[in-house]
Each structure stands twice: as structure tokens, then as C-alpha cells.
Amino acid sequence: AKTTNKFKSKYRNLDVLLLDDIHFLQGKEQTQEEVFNTFNALYQKKAQMIFTCDRSVRDIKEMDEHLVSRLSNGMVIDLQPPNYETRYAIILKKLETMGTTLEKDVIDYMAKVIETNVRDLEQAITKITGYEELTDMKVDLAKAKDLLRDSVSDNMGNITVDIILKVIAENYDVSISDIKGKKRDNRTAMARMMAAYL
């Protein structure tokens, strides 16, 4: 009870709440209930709340319907990986912040082939700038391709299970949770087999 009261006094008096990866609340009934009550308390205070998830909140199994309803009631935005122009701009900004530069064709190459997320872009920048710093040599396009060969897959970016599931779910018009679940209708079964194959 003391821990619960401490939690309540800490989180129900905030002006801003950012809760990352809410899908990890799946199946945790008491935690979901506390988040629900905290949401309501903060909503009454007109506090700002931001929740992130790797899928639609409605695709999370074992999630309390009241909490799903609350989380779905605000502005819901599906953030996709950045496009080429944005990736290019991110690389330039990161290099500017670092106080360094790279060859234009190296930047172009990174922006084209690292399509997954900003974290992967930053890793590529760190790898190339680190190599330049250690060797005291400028990285050209050929060397960049060599250095990043483990980070890219033939100009297709990193294909992950999440990307495969997302594409299959969209193509077969089923949810990711259905593909991962036990549903056996023809469409879901075909989507599951295709996802497993890929």
C-alpha cells in the first residue's frame, strides 16, 4: 500500500507524462489499472500525456478495454521511418552537431540504404566518422560501402521481423496480433504462412 501511495503521489501530480512502450503492459492487469487511474487523474488536470507503442493499441492483446479506449481517444499518429530527404537532412544535422563533414556521395549512400530508423543512421555516422578519426583518412564511397556492409542488405535497408509482419498485415488486411495469434481463418493462416516463409 505504501508503494502504491508513493506511485500515486508521484505520477498523478505531473504536468507532463511520457510513457514509452505501453505494449509491455500486456497482461499486467494491476499495472494497467494504475495507468488507467493515473490517466484519468492527469486528464482531469489537463496534463499533457504521450504514450508510445510499436503497434496500434487496439492490436495489443490482454489490454483492458477501458485503457485501450482512453489511449485511443486522443491524437493517434502512426510514425513511419523517415524518407530519403529527411534521412539526408538528419545526417547533415548530426554531422554539423559533431563539427565534422563527410563526402557528399557517402552521405547520399547512407541516406539511401539506411531506411529503418534514426538510431541506425546515427550508428552508421558514428562508424564512418570513427573510422576517419582513427585512421586519419577521408572515407570514400567504396570504403563507406565496405564499412556499412553489415548495416545494409543490398540497398533494401535492414529487413526485420517487424517490417515483414507490418507488410504482410497490410497486404492481407489482418492485424499483426492475428498473425502472431491462434486465429485459423484462411486469410490469417495464409498471412501467417507467408510471414513465416519470409
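**Entry 1: a helix and its cover.** I began with what lies over the buried residues of α2, and found that the cover includes α1, β1, β2 (48-51) and α3 (65-73). I keep in mind that this is a predicted model. Next I listed the buried residues of α2 themselves: Gln32, Glu34, Val35, Phe36, Thr38, Phe39 and Leu42.

**Entry 2: the length of α2.** I wanted to know how the span of α2 compares with what its 16 residues should give. At 1.5 Å a residue I expect 22 Å, and the end C-alpha atoms are 23 Å apart, so the two agree. Looking past the helix, I noted Lys46, which follows α2 and has a positive phi, near 60°.

**Entry 3: Gln32.** This residue sits in helix α2, which runs over residues 29-44. Is Gln32 buried or exposed? I read a relative accessible area of 3% for Gln32, under the 20% cut-off, so I wrote it down as buried. Then I asked which residues Gln32 is in contact with, leaving aside neighbours within four places in sequence. My list has Leu25, Gln26 and Gly27 on the one hand, and Glu62, Met63, Asp64 and Leu67 on the other.

**Entry 4: the second largest pocket.** I turned to the open spaces and noted a volume of about 330 Å³ for the second largest pocket. It is lined by 15 residues, and those closest to its centre are Phe7, Thr31, Glu34, Val35 and Thr38. Where does the lining come from? I found that α1 (2-11), β1 (16-19) and α2 each supply at least two residues. The most comes from α2, with six residues. I sorted the lining by class too: nine residues are nonpolar, four are polar and two are charged.

**Entry 5: Ile107.** My last stop was helix α5 (residues 104-113), where Ile107 is found. Its relative accessibility is 4%, and with the cut-off for buried at under 20%, Ile107 therefore counts as buried. What does Ile107 touch, not counting residues up to four places away in sequence? I noted Tyr88, Ile91, Leu92, Leu95 and Leu102. I also looked up a distance to Ala89, which is 18 residues from Ile107 along the chain: their C-alpha atoms are separated by 9.6 Å.

Conventions. Residues are numbered from 1 along each chain as its sequence is written. This is a predicted model: local features need pLDDT of at least 70, side-chain atom pairs count only at pLDDT 80 or more; totals for chains, interfaces and linings use all residues. Side-chain values use heavy atoms; hydrogens and water are left out. Helices (H or I, at least four residues) and strands (E, at least two) are DSSP runs, numbered from the N terminus. Buried means under 20% relative accessible area, exposed over 50%, partly exposed in between (1.4 Å probe, protein chains only). Contact means heavy atoms within 4.5 Å. On a 1 Å grid over the protein atoms alone, a cavity is a set of points where a 1.4 Å probe fits but cannot get out, and a pocket is an open set with protein on both sides within 12 Å along at least five of seven lines; lining residues have an atom within 4 Å of a point. Grid points are joined across faces, edges and corners, and a volume is the space filled by probe spheres set on the points. Ala, Val, Leu, Ile, Met, Phe, Trp, Tyr, Cys and Pro count as nonpolar, Asp, Glu, Lys and Arg as charged, and the others, Gly among them, as polar. The expected span of a helix is 1.5 Å times one less than its number of residues.
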